[in-house]
Amino acid sequence: MRVLAVSSGKGGVGKTNFVANLALALEKKGQHTLIFDADLGLANVDVLLGLAPKRDIRHVLSGECTLKDIVIRTKYGFEVIPASSGVLELTRLAPSEKLSLKEQFEEVSQGVDFFIFDLGAGISDNVLFFNLVAQERIVITTPEPTAMADAYALIKLLFVRHQVKRIYLLVNLIRDEQEGKTVYRQIAQVAERFLGPVGLTYLGAIRNDPSVPRAVRQQEPFLHLFPDSPASRDLLQICEKLLRLKPKIEGGLEALWSQRSQALS
Ligand SMILES: Nc1ncnc2c1ncn2[C@@H]1O[C@H](COP(=O)(O)OP(=O)(O)OP(=O)(O)O)[C@@H](O)[C@H]1O
Ligand SMILES: [Mg+2]
């Protein structure tokens with residue numbers, strides 16, 4: 001199983017759309033995918049996909065049900081663990097609660113090829129925690145200087161404070177392919193100059209495409225409604241690149257969760 005965290009410095013750059021559509025693309029490639037809506041402040045994977053969860057992670061934390069009870073299998077094949085707005089940050093849980101949650105995460109990820117965390121924007125403890133638990137991290141930016149500066153701030157924090165190296169950069173809302181590469185080059189150059197060997201990998205870029213907001217309004221993945229749109233074609237390329245990248249992974253979710261969460265407690 002590959003465990004991926006998707007985050008960004010700036011909000012609204014397209015994380016949730018990317019995660020939902022990547023899950024569908026992976027599923028089409030025979031890779032069973034589970035999304036955890038880990039944007040615990042402003043959860044919205046469920047809204048994007050038109051799901052109406054009766055229970056979510058809040059009910060698991062309060063002991064009303066188990067994680068397994070809240071997993072939703074979507075009509076697209078992939079599964080979703082829904083969150084809800086205003087849930088306590090997981091990093092503030094008591095050690096016994098963390099342990100129980102860790103065991104439940106292992107249980108629900110049996111048979112899963114890709115476990116993806118859709119995170120909130122910014123650099124909260126929650127965002128850092130899931131970036132550390134994951135084995136690979138995708139940071140999303142747009143070509144806007146503000147989004148680029150915030151993506152750099154997140155990369156810097158992960159690298160300098162937590163020695164995290166395996167980071168992929170994805171550029172969303174580009175005009176043309178060249179723009180994605182330029183954005184990557186600019187961030188990679190600054191990172192190399194001021195931080196050292198960060199090992200930032202270019203994962204690709206997604207064009208600014210009106211079929212994305214159109215699909216959002218219909219609460220379906222754009223890859224499902226508009227499979228030939230520019231955004232869908234870009235997304236499929238990114239999915240293939242991700243499948244080609246075969247990182248050497250140390251330990252499973254369990255080992256990582258234990259090691260990494262120490263760093264933040
Ligand atoms: N490639 C694209 N082309 C056009 N519009 C896009 C594209 N990607 C995302 N959008 C639009 O940007 C908006 C924000 O997308 P999304 O909710 O996925 O961002 P986010 O990073 O998850 O936001 P948040 O930080 O609030 O979690 C959506 O309304 C979506 O329609
Ligand atoms: Mg989001």
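Guide: The chain has twelve helices and eight strands, where helices (H or I, at least four residues) and strands (E, at least two) are DSSP runs, numbered from the N terminus. This is a predicted model, in which local features need pLDDT of at least 70 and side-chain atom pairs count only at pLDDT 80 or more, while totals for chains, interfaces and linings use all residues. Residues are numbered from 1 along each chain as its sequence is written, and chains are lettered from A and ligands numbered from 1 in the order in which they are written.

The part to look at is strand β5, residues 114-121. Eight of the eight residues of β5 are buried, so this strand is largely enclosed by the rest of the structure; a residue is buried if 20 or more other C-beta atoms lie within 10 Å of its own, exposed if 12 or fewer, and partly exposed in between, with C-beta atoms placed from the backbone. Across the chain, buried residues make up 43% of the 265 residues.

The strand belongs to an open sheet of eight strands with mixed pairing, in the order β3-β4-β2-β5-β1-β6-β7-β8, and two strands count as paired if DSSP finds at least two bridges between them. At the edges of this sheet stand β3 (72-73) and β8 (200-207), each with a single partner strand, so one side of each is left without a neighbour in the sheet. With β1 (residues 2-8) it runs parallel, joined by six bridges, and the bridge partner of A5 in β5 is F117. With β2 (residues 33-37) the pairing is also parallel, over five bridges; here F117 is the bridge partner of F36, and T33 stands opposite F114.

A helix also passes over this region, for α1 lies across β1, β2, β5, β6 (136-141) and β7, running at about 170° to β5; such angles run from 0 to 180 degrees between N-to-C directions, and the axes are lines fitted to C-alpha atoms, for helices over the stretch in contact, where contact means that the C-beta atoms of two residues, placed from the backbone, lie within 7 Å.

The ligand brings these elements together again. Ligand 1 is surrounded by 21 residues, the closest being G11, G14, K15, T16 and N17, and a residue is near a molecule or strand if its C-beta atom, placed from the backbone, lies within 6 Å of it. The elements that give two or more residues to this shell are α1 (15-28), β5 (114-121), β7 (167-174) and α9 (211-217).

Finally, consider the nonpolar core, a set of buried Ala, Val, Leu, Ile, Met, Phe, Trp, Tyr and Cys residues joined through C-beta atoms within 7 Å. The largest one has 76 residues, of which V6, I35, I155, L169 and L170 touch the most other members, and α1 gives the most to this core, with eight residues. Helix α6 (residues 125-133) is mostly covered as well, since eight of its nine residues are buried, including F129 and F130.
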